[in-house]
Amino acid sequence: KGFIFLGLIKVDEEPYMIEYNVRMGDPETEAVLPRIQSDLVSLFNAVHQGKLNEFDLEIDKRAGVTVMLVSGGYPEEFERGKEISGLENVEDSILYHGGTKLENGKILTNGGRVLAVTSLGEDFKEALKKSYQNIEKISFDRIYYRSENGGEL
């Protein structure tokens, strides 16, 4: 019991499947879960009990977008222990900590995938714009993220 995740890409207005999994990874999870308005545990219980058809799944109609902030060099060699600043300035986005640690009151990088910045918007482009606006408030040495997501904004 569970679900299948299909990773799709649009090429010349045609969809192509680039991957599929029987689980969700990140950043897919970070973009999907904030849109689920129903109780997640109740949803999982309905799946387990074979009563998904009886479950009232409520989904936020807004689009969800996640942009990953990674350590420079990832997925190859990268350094840890870089201080992250600006997190307190993020507004109207959700920050998911992946490769971070708290040390002596400071948040430091501690992995390749450091933070996921998730935003909701009326459409994909609005949500993506919010994530990028908040990313501009965050800094750490050798921060990297893909800036070409979504094409022209």
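Reply: Glu-13 has its place in the loop between S1 and S2. The model is predicted, so local features need pLDDT of at least 70 and side-chain atom pairs count only at pLDDT 80 or more, while totals for chains, interfaces and linings use all residues. Residues are numbered from 1 along each chain as its sequence is written, and side-chain values use heavy atoms, with hydrogens and water left out.

Me: Why is Glu-13 called exposed?

Reply: Buried means under 20% relative accessible area, exposed over 50%, and partly exposed in between, with a 1.4 Å probe and protein chains only. Glu-13 has a relative accessible area of 61%, and is therefore exposed. Its phi is near 70°, a positive value in a residue other than glycine.

Me: What makes Asn-104 exposed?

Reply: The relative accessible area of Asn-104 is 75%, so this residue is exposed. Asn-104 lies in the loop between strand S5 (100-103) and strand S6 (106-109), and its phi, near 55°, is a positive value in a residue other than glycine.

Me: Which residues are in contact with Val-114, leaving aside its neighbours within four places in sequence?

Reply: Contact means heavy atoms within 4.5 Å. With those neighbours left aside, the contacts of Val-114 include Leu-69, Val-70, Ser-71, Ile-84, Tyr-96 and Phe-140. As for distance, Val-114 and Ile-143 are 9.0 Å apart in space, C-alpha to C-alpha, and 29 residues apart in sequence.

Me: What makes a stretch of the chain a helix or a strand?

Reply: Both are DSSP runs, numbered from the N terminus: helices are H or I with at least four residues, and strands are E with at least two. The protein chain has 3 helices and 8 strands, in the pattern β-β-α-α-β-β-β-β-β-α-β along the sequence.

Me: What makes a space a cavity, and what makes it a pocket?

Reply: On a 1 Å grid over the protein atoms alone, a cavity is a set of points where a 1.4 Å probe fits but cannot get out; a pocket is an open set with protein on both sides within 12 Å along at least five of seven lines, and lining residues have an atom within 4 Å of a point. A search of the whole structure finds 1 cavity of 30 Å³ or more. The largest cavity is lined by Ser-71, Gly-72, Glu-79, Lys-82, Asp-141 and Arg-142.

Me: Which residues lie nearest the centre of the largest pocket?

Reply: They are Phe-5, Pro-27, Glu-28, Thr-29 and Ala-31, out of 47 lining residues. Among the elements that give two or more residues to this lining are strand S1 (5-11), helix H2 (40-48) and strand S3 (63-71). The largest share, 7 residues, comes from S3.

Me: How much of the whole protein chain counts as buried?

Reply: Of its 153 residues, 32% count as buried. Among contacts between residues at least 6 apart in sequence, 59% join residues at least 24 apart. The C-alpha atoms fill a box of roughly 50 × 40 × 30 Å, taken along the principal axes.

Definitions and conventions:
Points joined across faces, edges and corners; volume = space filled by probe spheres on them.
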